[in-house]
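Here are a few exercises to work through with the model open. Try each task before you read its solution.

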Amino acid sequence: MRKLLISLGRYAIALATIIFITELFRYDTAFAVTTVVLAYLLSILIASAQWGLGVSVFMSIAATLALDYNFFPPVGRFTISDPQDWVSLFAFLGTSVIGSNLHARLRRQTEEVNRHRFEVEKLYQFSRLLMNVRDPIVLLHEIPKQIVKAFKTASAALFLLDKQETYRSGGEASQLDDVRLKSTVDQKSIHVDSLQHVSYAPVRLGSQVIGSFAIQEATISSHTLEGIGTLIASAIDRAQAIELLGKAEAVRESERLKSVLLDAVTHDFKTPLTSIKASATSLLEDLEFNKKQRKELLVIIDEECDRINRLIGETGDMARLEAGDVQLQFAPHAVGELVSEALLDCGDVQIARPIKVEVKDPDCRVYADSNWARKVFTNIIRNADLYSTPGAPVTIEVERKNSFVAFHIADKGPGIEESEIKHIFDRFYRGKGLRHRIPGTGMGLSIAKAIVEAHGGMIEVASQKGQGSVFTFSLPVDPETNEGRAIDSTGPKTAQ
């Protein structure tokens with residue numbers, strides 16, 4: 001109804017324009033008929049540019065009648081006495097109609113070019129939006145959303161043949177017919193439902209149709225629909241290729257890590273087992289050892305067994321952290337008590353070298369899992385013991401920084417090469433210069449990093465060649481004593 005009223009309004013304005021021009025020149029004999037004709041013709045061409053061919057043809061006929069009645073003799077009658085006036089009248093009518101037609105055609109061509117340009121721009125925008133999504137599962141849900149976003153449509157849907165599932169987006173997406181989507185796959189052709197204002201098109205990957213899509217309330221050409229289908233197919237194929245490549249890379253990386261782990265564990269098991277075997281064999285041979293010698297052999301067996309236990313523990317911790325099976329039980333713990341308990345776990349290190357401790361506020365409480373936090377301490381302290389100069393002290397300093405407590409553990413070792421610092425917390429990574437001289441698996445610092453990050457803290461290292469290294473990690477302050485930080489204390493968290 002609204003369109004009809006608009007159309008009638010245009011015809012009324014066109015007729016009023018002809019009447020206005022007629023009345024303007026009708027009683028003024030100073031103007032020649034040629035001037036009137038040009039005025040009519042100009043108004044007709046303007047109407048053609050604004051409202052199309054129908055209105056301009058209507059104006060041409062109305063102007064021809066007005067010329068005949070008002071300007072060609074005999075005036076006031078729809079007859080013409082001079083045959084030359086007939087020629088002029090029909091020439092005017094032909095000129096106005098042909099001019100209107102040419103202008104309307106030019107207008108249609110311009111609109112078509114603009115529409116194609118608009119659709120190409122939207123296709124480019126759509127392709128860019130799809131390029132940003134790499135996860136195949138996310139991509140399938142994003143495709144209808146991006147169609148709606150790029151082409152400003154009411155709703156869109158995507159059907160995939162291999163999954164037999166439809167993905168939708170938009171307020172009226174549920175109205176898009178699943179049966180029609182599936183039949184589009186079978187028919188392999190574009191279909192436009194003019195009653196529902198919905199366009200259906202297949203999704204082609206090469207010569208194979210892998211699905212279909214539907215767009216509601218959008219005037220899109222068939223070429224653009226084919227382009228959308230091609231882009232969808234390419235995006236799905238690319239995402240699947242990336243997924244397969246990622247899986248293959250993950251398998252290769254898993255095999256590499258298994259090999260590295262096996263090599264590290266084998267090497268680290270071999271040394272203590274050799275010592276245990278040698279000590280046990282010596283005792284079994286019933287040689288004449290005095291009490292002190294027997295004790296030394298038993299101490300070796302005991303220490304090497306502890307070393308194997310630590311190795312097994314590290315391997316188990318790594319496996320649990322990798323699988324995300326660690327449930328952290330958060331609770332408040334005094335910093336002084338946490339450091340003291342960690343030092344008890346490193347009793348053998350305290351025998352080998354002094355450990356200096358400086359805690360500025362021992363009663364400050366951190367919000368952490370005590371058992372896992374102690375593992376961070378022991379791993380870093382043992383790492384400092386392995387790489388420090390024999391007899392040189394290991395220093396522990398603790399200070400509060402805003403809503404975290406920072407723990408600094410410094411050694412007097414050879415330091416770390418600048419190029420190696422960024423890899424120092426990688427799994428199984430060990431310093432290039434010392435990896436064959438100092439025992440270890442390269443898991444300790446990686447485990448420490450995973451635990452600290454699961455607590456919401458950070459871990460880093462600063463080192464100077466020849467001067468030693470300082471490892472710093474942070475744990476959150478107990479929320480009851482920390483007004484500046486809100487911590488979720490609703491339950492256990494999983495370390496991953």
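**Aromatic pairs and a helix pair**

Phenylalanine 471 is buried, with a relative accessible area of 3%. Keep in mind that this is a predicted model.

**Exercise 1.** Work out how the rings of phenylalanine 425 and phenylalanine 471 are arranged.

*Solution.* 
- Start with the ring centres, which sit 6.1 Å apart.
- Next, take the planes: they stand at 90 degrees. Planes over 60 degrees apart count as edge-to-face, so this pair is edge-to-face.
- Now place the partners: phenylalanine 425 is in the loop between helix H12 (418-421) and helix H13 (444-454), while phenylalanine 471 is in strand S13, 46 residues apart.
- Finally, check burial: phenylalanine 425 is buried too, at a relative accessible area of 12%.

**Exercise 2.** Classify the pair formed by phenylalanine 407 and phenylalanine 473, and say which parts of the chain the pair ties together.

*Solution.* 
- The centres are 4.9 Å apart with 15 degrees between the planes, and the pair is stacked.
- Phenylalanine 407 belongs to strand S11 (residues 404-410) and phenylalanine 473 to strand S13 (residues 468-476), so parts 66 residues apart in sequence are tied together.
- Both phenylalanine 407 and phenylalanine 473 are buried.

**Exercise 3.** Describe how H1 packs against H2.

*Solution.* 
- Helix H1 (residues 2-26) and helix H2 (residues 33-51) have axes 10 Å apart, at an angle of about 165 degrees.
- That angle makes H1 roughly antiparallel to H2.
- The crossing of H1 past H2 is right-handed.
- Residues in contact include Ile13 and Phe25 of H1, and Tyr40 and Trp51 of H2.
- By class, the contact has 9 nonpolar, 4 polar and 1 charged residues.

Terms used
Residues are numbered from 1 along each chain as its sequence is written. This is a predicted model: local features need pLDDT of at least 70, side-chain atom pairs count only at pLDDT 80 or more; totals for chains, interfaces and linings use all residues. Side-chain values use heavy atoms; hydrogens and water are left out. Axes are lines fitted to C-alpha atoms, for helices over the stretch in contact, and angles run from 0 to 180 degrees between N-to-C directions. Helices (H or I, at least four residues) and strands (E, at least two) are DSSP runs, numbered from the N terminus. Angles under 35 degrees count as roughly parallel, over 145 as roughly antiparallel, 65 to 115 as roughly perpendicular and the rest as oblique. A crossing is left-handed if the near helix is turned anticlockwise from the far one by less than a right angle, and right-handed if clockwise. Contact means heavy atoms within 4.5 Å. Ala, Val, Leu, Ile, Met, Phe, Trp, Tyr, Cys and Pro count as nonpolar, Asp, Glu, Lys and Arg as charged, and the others, Gly among them, as polar. Rings of Phe, Tyr and Trp (its six-membered ring) pair if their centres lie within 6.5 Å; planes under 30 degrees apart count as stacked, over 60 as edge-to-face and the rest as tilted. Buried means under 20% relative accessible area, exposed over 50%, partly exposed in between (1.4 Å probe, protein chains only).
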